[in-house]
Amino acid sequence: MIDRRRAIGLAFAAIGAAAMPLPTRAQQSFQRFVPFLIDLPGWKGNKPDGMGMEVAGASMVTATRSYERGAAHVNASVLTGMAAQGALAATNAGIKLETPDLHMSTSTIDGLQVTKTYTVSAKSGAFLVALGPAAVFTLAYTGIDEDEAMGLARRFDWKAMQEQVK
């Protein structure tokens, strides 16, 4: 059975959102991060995608773009909200782990906390850059080594992303 009050409330919310000028809605959503998902030289970049969501006073925004070069893949993302806070738990804990096949560490790069993971056998890993208390930039990759991946990650303007989050 349909809850009429809930349906009416959702209808009014949809009408209110539709009445907002498009640039205002886009500014509140993932679109504001799309300009930071740059082209990478030598890589085929897919169209950026994302979503913005608000539920019970909590919001989450994610903007992503994937890239390909032969069998190698890279996925760049900006994430804000509670999910980003969860991802930041490892960064804030200062984890350091080393095995012959896997290493994970947290360090400061350009004034930002960065957690790096890399699996040698799979030639895959990720960088997680803390942009704020509830915002991260991630670069996940497969098929390339850690040094090349770090070079790609540093092409993205972390400081500008951090300013957009504020």
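Leu139 touches Val74, Asn75, Ala76, Gly125, Ala126, Phe127, Ala149, Leu152, Ala153 and Phe156, with residues up to four places away in sequence not counted; contact here means heavy atoms within 4.5 Å. The model is a predicted one, in which local features need pLDDT of at least 70, side-chain atom pairs count only at pLDDT 80 or more, and totals for chains, interfaces and linings use all residues. Residues are numbered from 1 along each chain as its sequence is written, and side-chain values use heavy atoms, hydrogens and water being left out.

Leu139 is also one of the residues with the most contacts inside the largest nonpolar core, together with Phe137, Phe156 and Trp158. This core has 32 residues, a nonpolar core being a set of buried Ala, Val, Leu, Ile, Met, Phe, Trp, Tyr and Cys residues joined through side-chain atoms within 4.5 Å. Buried denotes under 20% relative accessible area, exposed over 50% and partly exposed in between, for a 1.4 Å probe and protein chains only. Two or more residues are given to the core by each of S3, S4, S7, S8, S9, H4 and H5; helices (H or I, at least four residues) and strands (E, at least two) are DSSP runs numbered from the N terminus. A second, separate core of seven residues includes Leu79, Leu88, Leu128 and Ala130.

Helix H5 spans residues 158-165, and Trp158, Met161 and Gln162 are buried in it. These residues lie on the same side of H5 because they cover an arc of only 100° around the axis, the arc being that of the directions from the helix axis to the C-beta atoms. The packing partners of the buried H5 residues are strands S4 (72-81), S6 (102-109), S7 (112-119), S8 (124-132) and S9 (135-142), and helix H4 (146-153).

Within helix H4 is found Leu152, buried at a relative accessible area of 7%. Beyond its neighbours within four places in sequence, Leu152 is in contact with Leu40, Trp43, Val74, Leu139 and Ile144. The C-alpha atoms of Leu152 and Pro41 are separated by 9.3 Å, although the two residues are 111 residues apart along the chain.

Arg65, in strand S3 (residues 58-69), likewise counts as buried, at 10% relative accessibility. The Arg65 side chain reaches the backbone oxygen of Leu37 at 2.8 Å, and one of its polar atoms lies 2.7 Å from the backbone oxygen of Asn46. Outside four places in sequence, the residues in contact with Arg65 include Ile38, Asp39, Gly45, Pro48, Val74, Asn75 and Ala76.

Key:
A polar contact is a pair of N or O atoms within 3.5 Å; within protein, one must be able to donate a hydrogen and the other to accept it, and residues adjacent in sequence count only if both atoms are side-chain atoms.
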